[in-house]
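Here is a short report for a first look at this structure. Keep the chain in view while reading.

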Amino acid sequence: AAGPGGAGIDAHLFARSREAERAGAPETSWRGLGAGDAADLVCESLLPDDVALVCLATRSRGAVGELLLGSVADAVVRRSPVPVLLVGPDVEPIERYRRLVVALDGSELAERAGAVAVELADRTATDVALLEVIADEPVPADVAETAYLARYAAGLPDPPGRYDVVRSDRPGQAILDATAGADDVVVVMGTHGRTALRRLVMGSVAHHVVQRATAPVLVVPPTTTG
């Protein structure tokens, strides 16, 4: 936690660590990061050799209805050397997540996210499923649509047993629809850096999913090392 420090933040972190242990965490540790820019302090504390991922809460809509990540989460996603697990206001805590759903679009960044998901699944005994959204065109489905996912899955150390193709011109909403009603999934996505307007850290699809998902979303920034 980043903040002014002192007994208040120490007591808060101590209480949260005990909550994590009661929830089943095998081991917890905590420390305050002191005063300063929160995003700077968080990113400086993330050592890829020691940290698997960082977890942050996100904001809901702003006062004028604009979708916001929150300045700290936004800045951390931009610069983090490790994947960032974003938990939105509509996410309800559950006892255990059982499936990582990797959204792929054929890009190198998305495929890196898939590799991160496979490594995390190995650490947590979680299943991996692959999901690709392609343009909704007025032609019949073809087995070739799954060829990319099949090739990608075959190249992974532990190939997922499930992969799906969804046709839609709204990829963000298609990802949300594909994972709706499943309370034990984490959505995994690559991010595409800043837009031309330099306002969104993530691509528009990832941003749409993060802000509306009822499941946690693990984003893998371009700055992720390893």
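L120 is found in helix 4, which spans residues 108–124. Helices here are DSSP runs of H or I with at least four residues, strands are runs of E with at least two, and both are numbered from the N terminus. The model is a predicted one: local features need pLDDT of at least 70, side-chain atom pairs count only at pLDDT 80 or more, and totals for chains, interfaces and linings use all residues. Residues are numbered from 1 along each chain as its sequence is written, and side-chain values use heavy atoms, with hydrogens and water left out.

Which residues does L120 touch, leaving aside its neighbours within four places in sequence? They are L53, L100 and L218. Contact means heavy atoms within 4.5 Å. L100 lies 20 residues from L120 along the chain, and their C-alpha atoms are 8.9 Å apart.

## The chain as a whole

The chain has seven helices and seven strands. Read from the N terminus, the elements run α-α-β-α-β-β-α-β-α-β-α-β-α-β. Of the contacts with a separation of 6 or more, 73% link residues 24 or more positions apart.

Of the 226 residues in the chain, 39% are buried. Buried means under 20% relative accessible area, exposed means over 50%, and partly exposed lies in between (1.4 Å probe, protein chains only). The chain exposes about 12400 Å², and carbon and sulfur atoms supply 52% of it. These areas come from the Shrake-Rupley method with a 1.4 Å probe; for residues, only the protein chains shown count as cover.

Seven strands form an open sheet in the order 1-2-7-6-3-4-5, with mixed pairing. Strand 1 and strand 5 (162–167) stand at the edges with a single partner strand each, so one side of each has no neighbour in the sheet. Neighbouring strands are turned by 25 degrees against each other on average, direction ignored. Angles run from 0 to 180 degrees between N-to-C directions, and axes are lines fitted to C-alpha atoms, for helices over the stretch in contact.

Two strands pair if DSSP finds at least two bridges between them. Strands of a sheet pair through backbone hydrogen bonds, either parallel or antiparallel. Strand 3 (residues 99–104) runs parallel to strand 4 (residues 127–134), and six bridges join them. There, V102 stands opposite L130.

Strand 6 is mostly covered: six of its six residues are buried. V185, V187 and M189 point one way, while V186, V188 and G190 point the other way. In a regular strand the side chains alternate between the two faces of the sheet. Four bridges join strand 3 to strand 6, and the two run parallel. V101 stands opposite V187 in this pairing.

Strand 7 covers residues 217–220. V217 and V219 point one way, L218 and V220 the other, and all are buried. Strand 6 and strand 7 run parallel, joined by four bridges. V187 has V217 as its bridge partner in strand 7, and V188 has L218. How do strand 2 (residues 84–87) and strand 7 run, parallel or antiparallel? They run antiparallel, with three bridges. L85 has L218 as its bridge partner there.

## Helices on the sheet

Helix 6 (residues 171–179) lies across strand 3, strand 4, strand 5 and strand 6. Helix 6 runs at about 145 degrees to strand 4. Helix 7 (residues 204–212) also packs on the sheet, touching strand 2, strand 6 and strand 7. The direction of helix 7 makes about 160 degrees with that of strand 6.

Helix 3 (residues 71–79) has A73, D74, A75, V76 and V77 buried. The buried residues of helix 3 pack against helix 2 (38–44), strand 1 (54–57), strand 2 and strand 7.

## An aromatic pair

Rings of Phe, Tyr and Trp (its six-membered ring) pair if their centres lie within 6.5 Å; planes under 30 degrees apart count as stacked, over 60 as edge-to-face and the rest as tilted. The count comes to one aromatic pair. The rings of Y148 and Y152 have centres 6.4 Å apart and planes at 25 degrees, so this pair is stacked.

Both tyrosines lie in helix 5 (residues 147–154), four residues apart, about one turn of the helix. Y148 counts as buried because its relative accessibility is 16%. Y152 is buried too, at 11%.
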